[in-house]
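Please read them with the structure open beside you.

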Amino acid sequence: MAARQDLVILAADAAGPDAQLLLDALSEALLRINGDSGRSSFDVEAATPRGGFYIARDGTGDLLGCAALRPLGEPDSATAELKRMYARPGSTGVGAALLAHVEAQARGHGYQALYLSTRVANARAVAFYARHGYAPVVAWGKYVGAAQSTCLGKQL
């Protein structure tokens, strides 16, 4: 798939108004798909030197999507976690662009792997990540024994 020429992805404050609009839209979509908004799994105040929150916009400045990067475990961990990945419906290529951006940021921060968790019921997300090289990994933290979740990862 060709990269979108009108797409800009920049770091942003996860507590800012633009981020909150996107995070609210994601939470509403997840609630419809999974029966859980996922809000409790993301702390907007958890910014670290080895993480970030990113917003995608089109050439006119319209909000298209977001994603967050966090260390998984200790701040000096070799594994990062992808959180709150969202592309607005109809925004072709935004999810792939955001994922590539977060992977590049993770490599730049010295991470060797990127992990994520999503709900099994979110078949579209599971298929998206599989198309981008993510495969099942051992569950961690609150996902251990959570049959509704699937944990995926990719070596960077």
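**Notes on the model**

1. Glu81 is buried, at a relative accessible area of 10%. Buried here means under 20% relative accessible area, exposed means over 50%, and partly exposed lies in between (1.4 Å probe, protein chains only). The side chain of Glu81 meets that of Lys83 in a salt bridge, 3.5 Å from N to O. A salt bridge is a side-chain nitrogen of Lys or Arg within 4 Å of a carboxyl oxygen of Asp or Glu. Lys83 is buried as well, with a relative accessible area of 9%.

2. A word on the basis. This is a predicted model, in which local features need pLDDT of at least 70 and side-chain atom pairs count only at pLDDT 80 or more, while totals for chains, interfaces and linings use all residues. Residues are numbered from 1 along each chain as its sequence is written, and side-chain values use heavy atoms, with hydrogens and water left out.

3. How many salt bridges does the structure hold? There are three. In one of them, Arg57 pairs with Asp18, and the closest N and O atoms are 2.4 Å apart. Arg57 lies in strand β2 and Asp18 in helix α1 (residues 17-34), so the pair ties together parts 39 residues apart in sequence. Helices (H or I, at least four residues) and strands (E, at least two) are DSSP runs, numbered from the N terminus. Arg57 is partly exposed at 26% relative accessibility. Asp18 is partly exposed at 29%.

4. Glu103 forms a salt bridge with Lys154, with 3.2 Å between the closest N and O atoms. This pair links distant parts of the chain: Glu103 sits in helix α2 and Lys154 in strand β7 (residues 149-155), 51 residues apart. Buried or partly exposed? Glu103 is buried at 8% relative accessibility, whereas Lys154 is partly exposed at 22%.

5. Now strand β4 (residues 79-87). Eight of its nine residues are buried. Strand β3 (residues 63-71) runs antiparallel to β4, and six bridges join the two. Strands pair if DSSP finds at least two bridges between them. In this pairing, Gly65 stands opposite Ala87 of β4.

6. β4 also pairs with strand β5 (residues 113-119), in the parallel sense, over three bridges. Glu81 stands opposite Tyr115 in β5. Together, β4, helix α2 (residues 94-108) and β5 make a right-handed β-α-β unit. Right-handed means that, with the strands pointing away from the viewer, the path from the first strand over the helix to the second runs clockwise.

7. The largest nonpolar core has 23 residues. Such a core is a set of buried Ala, Val, Leu, Ile, Met, Phe, Trp, Tyr and Cys residues joined through side-chain atoms within 4.5 Å. Leu69, Leu82, Met85 and Tyr129 have the most contacts inside this largest core. The elements giving two or more residues to this core are β2 (52-57), β3, β4, α2, β5 and α3 (123-131). The largest share, five residues, comes from α2. A second, separate core of 13 residues includes Leu23, Ile55, Ala68 and Tyr86.

8. Which residues does Tyr129 touch, leaving aside neighbours within four places in sequence? They are Leu82, Met85, Leu99, Leu116, Tyr134 and Leu152. Contact means heavy atoms within 4.5 Å.

9. Last, the cysteines. A search of the whole structure finds zero disulfides, a disulfide being a pair of cysteine sulfur atoms within 2.5 Å. Cys66 is buried at 0% relative accessibility. Cys151 is buried too, at 6%.
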